[in-house]
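Let's take a walk through a protein chain together. Have the sequence and the 3D view open, and follow along from one spot to the next.

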Amino acid sequence: HPPPVATSREEQKRLLEHRPDQPQNPKVLRIAIIGAPNAGKSTLSNQLLGRKVFPVSKKVHTTRCKARGVITHEDTQLIILDTPGLTSPLKVKRHNLEKAMLTDPWDSMKHADLVLVLVDVSDHWTRNALSKEVLKCLSRFPHIPSVLVLNKVDILKKKYLLLDIVTDLTEGIVNGKKLEVKSAFKSDSSSSAKPPLQITQASPPGSRAPESPCQQETDQAQEGSGLDNSSGVRDAKSSPTTEEAQGPKQYGHKDLKDMKGWPNFQEIFMLAARHGEEVDTLKQYLLMQAKPGPWEFHSDVLTSQSPQEVCDNIIREKVLEYLPLEVPYGVTQVTEMWEEGECGELLIVQNLLVPRKSHMRMLIGRGGKVISKIAQEAGQDLMNAFLCDVRLKLRVEVKS
């Protein structure tokens, strides 16, 4: 079971400064998770950690700064660098975001041993091409191994689209081998239906990742239609018709202009982070990639954030969820009280300062319904993070 977050700043500070209680032959892996805003990076981080410490919301830019999550399993420590979504200077200005949001993802990449590139396959506007910011990030650190993670596959009804998405996002190359795309049916101009296809990964022998639910579904669809296993994406080595792919190369600004995907991914994973589907498969892979090296944290540490930061993030997540459009981005949080009650419960009082009276009315809601719901949901999440009873009181005021 993952450890809880410490409830006091002093206790968390002591844990963070505590010498790591590492075994004799420790292993470590630092993982940067990058992707467009709202791809599901924080949701995936929380699922890997086994406890919610990062804020999650449908609105973009919920994660405002980099924070670390720590998974300690036997002799291995995985350090997750949960980063803000890669964004542009224009969006930073529009959403009144911290300037750090432009630099934090780059800083995380500098310290990473492996990078996970997360893509939301349910978003038909963005799923067939990596954003220019992501491509720029990958091209700047081509020596860091990268893995493509397709998220929200449970929402994608037309599973055969995964084949096109994989081909586009990898430029047809995975782990240094070209992928061969073959249609299972002869072309029939009278039929617009696409055949079900099997998606397999080009992986080095012996390191194949277990199949994801999508792959199993497409396999079953194949069996049902009497197709053989030669359809879909195949390892190029088994085909005499494909050329051997060239090794990784440097990509300049000009190259990136014409690229939709990244040809240096080592593996592809397909999962549904929100429901935890196939997250364990990815976790096992990450544990296997760890290299000998000293641990950074004591095994009782789950996150590098202070308890107050965890609290602020979770409350802001709910505010983002319940307020319309740009309104929540103008809310300032001030903690008035943080103390332990007589029975060991955590008592928290926080003021939410808004710029206008109209925003205050929205945040309180008719009969105080909205603010009550925010306090109730945030309180429940805080109980799960701290593993103790939490009494949370929220007050709304207009900034003076």
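**Starting from a loop**

Find Gln305 in the loop that links β10 (291–292) to α10 (307–322). Those labels come from DSSP runs, numbered from the N terminus: helices are H or I runs of at least four residues, and strands are E runs of at least two. Before going on, note that this is a predicted model, where local features need pLDDT of at least 70, side-chain atom pairs need 80 or more, and totals for chains, interfaces and linings use all residues. Residues are numbered from 1 along each chain as its sequence is written, and side-chain values use heavy atoms, leaving out hydrogens and water.

Is Gln305 buried or exposed? Its relative accessible area is 4%, so Gln305 is buried. Here buried means under 20% relative accessible area, exposed means over 50%, and partly exposed is in between (1.4 Å probe, protein chains only).

What does Gln305 touch in there? Skipping residues up to four places away in sequence, its contacts (heavy atoms within 4.5 Å) are Gln12, Val53, Phe54, Ala67, Val310 and Asn313. The Gln305 side chain also reaches the backbone oxygen of Val53 at 3.1 Å, and it has a polar contact of 3.0 Å with the side chain of Thr303. A polar contact is a pair of N or O atoms within 3.5 Å; within protein, one must be able to donate a hydrogen and the other to accept it, and residues adjacent in sequence count only if both atoms are side-chain atoms.

Now for the greasy parts. In soluble globular proteins, nonpolar side chains tend to be buried together. A nonpolar core is a set of buried Ala, Val, Leu, Ile, Met, Phe, Trp, Tyr and Cys residues joined through side-chain atoms within 4.5 Å. The largest one in this chain has 55 residues, and Leu44, Leu116, Leu286 and Leu363 have the most contacts inside it. Helix α12 (residues 369–386) supplies the largest share of this core, with seven residues. Domain 1 (9–183 + 251–292) and domain 2 (307–398) both give residues to the core, so it lies between them; the domain bounds come from an automatic or database assignment. A second, separate core has 41 residues, including Val28, Leu150, Leu161 and Met270.

Finally, zoom out. The chain has 12 helices and 13 strands, and of its 400 residues, 51% count as buried. Cysteines can sit in either setting: Cys137 counts as buried because its relative accessibility is 0%, while Cys343, at 73%, counts as exposed.
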